[in-house]
Amino acid sequence: MIFADFSVESSLWSQGINLICGIDEVGRGCFAGPVVAGAVIFPSNSKLIEGIADSKLLTPKKRSDLAKKIKELASAWAVGEISVLDINKYGIGQATQMAFSKAVKNLQKAADFFLIDAFYVNSLDKLLQKPIPGGDRISASIAAASIVAKVYRDDLMEKLHLTSPNYGFDKHKGYGTSLHRN
């Protein structure tokens, strides 16, 4: 398994940029459910949480355990959820951008710089952000945002399963698996 680290963050911390926010989304490729973005700021020169990686590579239990540790260590974290109605109204690309912006707005403190998995966030100054393709496998801050967002969204889908059990949301979480397609 490929674990993320603080290499990118350390470079920025050494330049005096302390409040670095990792951002990632989940649900962009789903057939059902909201798109959710996570945003996480670790204190500068934090100790790496062991096992932090792209949320898709982790078991649900490992994600849940890591999400708790991330929230304890982070100096700020937040999620931004955009509903299916808004996804259908604005399209998934715009809805993802809305989720990014909402997560950043929901942070308990303002960040100095942003690391994002693959995308620029349109509502933020481009000079204050760095999109990193595959960033959730490189940057611990992005991986942490991925984990927080995935745990949050999976919990929503499990609650949705309670009201609509015939769809199997507790198993596939809205992703286009063969079970869901059937």
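**Sheet, helix packing and aromatic contacts in a predicted model**

Strand β1 (residues 20-26) and strand β2 (residues 35-41) run antiparallel and are joined by six bridges. Strands are DSSP runs of E with at least two residues, helices are runs of H or I with at least four residues, and both are numbered from the N terminus. Two strands are taken as paired if DSSP finds at least two bridges between them. The structure is a predicted model, in which local features need pLDDT of at least 70 and side-chain atom pairs count only at pLDDT 80 or more, while totals for chains, interfaces and linings use all residues. Residues are numbered from 1 along each chain as its sequence is written, and side-chain values use heavy atoms, with hydrogens and water left out.

In general, strands of a sheet pair through backbone hydrogen bonds, either parallel or antiparallel.

The sheet is open and has five strands in the order β3-β2-β1-β4-β5, with mixed pairing. Its edge strands, β3 (76-82) and β5 (129-132), each pair on one side only. On average, neighbouring strands of this sheet are turned by 20 degrees against each other, direction ignored. Helix α5 (residues 140-163) packs on the sheet and touches β1, β2, β3, β4 (113-117) and β5, where contact means heavy atoms within 4.5 Å. The direction of α5 makes about 40 degrees with that of β1. For such angles, axes are lines fitted to C-alpha atoms, for helices over the stretch in contact, and the angles run from 0 to 180 degrees between N-to-C directions.

Five of the seven residues of β3 are buried, so this strand is largely enclosed by the rest of the structure. A residue counts as buried under 20% relative accessible area, as exposed over 50% and as partly exposed in between (1.4 Å probe, protein chains only). Cys-21 is buried at 0% relative accessibility, and Cys-30 is buried at 16%. The structure holds zero disulfides, a disulfide being a pair of cysteine sulfur atoms within 2.5 Å.

Three aromatic pairs are present. Rings of Phe, Tyr and Trp (its six-membered ring) pair if their centres lie within 6.5 Å; planes under 30 degrees apart count as stacked, over 60 as edge-to-face and the rest as tilted. Phe-6 and Trp-13 form a tilted pair, at 5.2 Å centre to centre and 55 degrees between the planes. Phe-6 is buried at 8% relative accessibility, and Trp-13 is buried at 6%. The rings of Phe-6 and Phe-42 have centres 5.5 Å apart and planes at 80 degrees, so this pair is edge-to-face. Because Phe-6 lies in the segment before α1 (7-14) and Phe-42 in the loop between β2 and α2 (60-73), the pair ties together parts that are 36 residues apart in sequence. Ring pairs link Phe-6, Trp-13 and Phe-42 into a cluster.
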